[in-house]
Amino acid sequence: MAANFWTSSHFKQLMDQEEVDVVHSPDKEKGITLEDFKIIKMHMANYIWKLAQQVKVRQRVVATAVTYMRRVYTRKSMTEYDPRLVAPTCLYLASKAEESTVQARLLVFYIKKINTDEKYRYEIKDLLEMEMKVLEALDYYLVVYHPYRALSQLLQDAGMTDMTHLSWGLVNDTYKMDLILIYPPYMIALACIYIASVLKEKDTTAWFEELRVDMNVVKNISMEILDFYDNYKTINEERTNAALNKLALKPSLVKLE
């Protein structure tokens, strides 16, 4: 791992929102809109989480897997890289990158166990073949920095460890968005602390001033998170199915809670 975030491949690969919100031509030809694009990625983030629960890996592995999946689709189309195979492959790859390896056969077992559609019950060879494609799409850069560590350190510094549970849950939800591809992890952590402090009616103005961070960025991230809760917190099954149908993928792959 790089000595710090600022010298890492993660930092060098940060993108603007406009670069992330690009629907590739093959997907556009199938009628996939930006809204569809976001919904499918959100659905697949939930699918990764569901699989991760079965194979019992740490939250960090899930976060890395979702980051890989989102990064793949900044470069490749869903038409070419079937998200129903990319999602579990990213979990498999992340488990190795985070030194919490899950055997491919175990992952395939649970893919088959929780999926109802025979057509999308992948085999080990499918997973291994897609692993090479995902690695190539990621340019073999596998190090991902997450907000969790910064969150714990910042809450301790602020004397607000009582907000750990709420803030941690907010960070978890940011992986249903593309924030990890756009902002430094510590800024995402600060935005989650800011939201938590507002919800808990704690005055953190002086503490944020001492940090000398750009509060405009913190508030912008916070607004994106709150907008997510207003519009996307519960994925509408009908909207998800409609988006998946455009890719000619059966929507009944997995029942997500």
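Is Leu142 buried, partly exposed or exposed? With a relative accessibility of 25%, Leu142 counts as partly exposed, where buried means under 20% relative accessible area, exposed means over 50%, and partly exposed lies in between (1.4 Å probe, protein chains only).

This is a predicted model, in which local features need pLDDT of at least 70 and side-chain atom pairs count only at pLDDT 80 or more, while totals for chains, interfaces and linings use all residues. Residues are numbered from 1 along each chain as its sequence is written, and side-chain values use heavy atoms, with hydrogens and water left out.

**The chain as a whole**

The protein chain holds 15 helices and zero strands, these being DSSP runs numbered from the N terminus (H or I of at least four residues for helices, E of at least two for strands). Its radius of gyration is 18 Å, close to the 18 Å that the globule rule gives for 257 residues, so the chain is as compact as a globular protein of that length; the radius is taken over C-alpha atoms, and the rule is 2.2 Å times the number of residues to the power 0.38. Taken along the principal axes, the C-alpha atoms fill a box of roughly 55 × 35 × 30 Å, and 52% of the 257 residues count as buried. Among contacts (heavy atoms within 4.5 Å) between residues at least 6 apart in sequence, 79% join residues at least 24 apart.

**Two helix pairs**

The table sets out two helix pairs, with axes that are lines fitted to C-alpha atoms over the stretch in contact and angles that run from 0 to 180 degrees between N-to-C directions.

| Helix pair | Axis distance | Crossing angle |
|---|---|---|
| H4 (residues 34-55) and H15 (residues 237-246) | within 9 Å | roughly 105° |
| H6 (residues 83-97) and H8 | 9 Å | about 75° |

The angle makes H4 roughly perpendicular to H15, a term that covers 65 to 115 degrees, with angles under 35 counted as roughly parallel, over 145 as roughly antiparallel and the rest as oblique. The contact of H4 with H15 has five nonpolar, two polar and four charged residues, where Ala, Val, Leu, Ile, Met, Phe, Trp, Tyr, Cys and Pro count as nonpolar, Asp, Glu, Lys and Arg as charged, and the others, Gly among them, as polar.

H6 and H8 are likewise roughly perpendicular to each other, and their contact has 11 nonpolar, one polar and three charged residues. Among the residues that meet there are Leu93 in H6 and Leu135 in H8. Leu142, in the loop between H8 (124-137) and H9 (147-158), is in contact with Tyr68, Leu93, Ala97 and Leu135, leaving aside its neighbours within four places in sequence.

His10, found in helix H1 (residues 9-12), is buried, with a relative accessible area of 1%. Not counting residues up to four places away in sequence, His10 touches Phe5, Arg71, Val143, Val144, Tyr145, Ile180 and Pro185; of these, Tyr145 is 135 residues away in sequence and 7.0 Å away in space, C-alpha to C-alpha.

Most residues other than glycine have a negative phi. Glu99, however, has a positive phi near 55°; Glu99 sits in the loop between H6 and H7 (104-114) and is exposed, with a relative accessible area of 75%. Glu201 also has a positive phi, near 55°, and lies in the loop between H12 (185-199) and H13 (205-211), where Glu201 counts as exposed at 75% relative accessibility.
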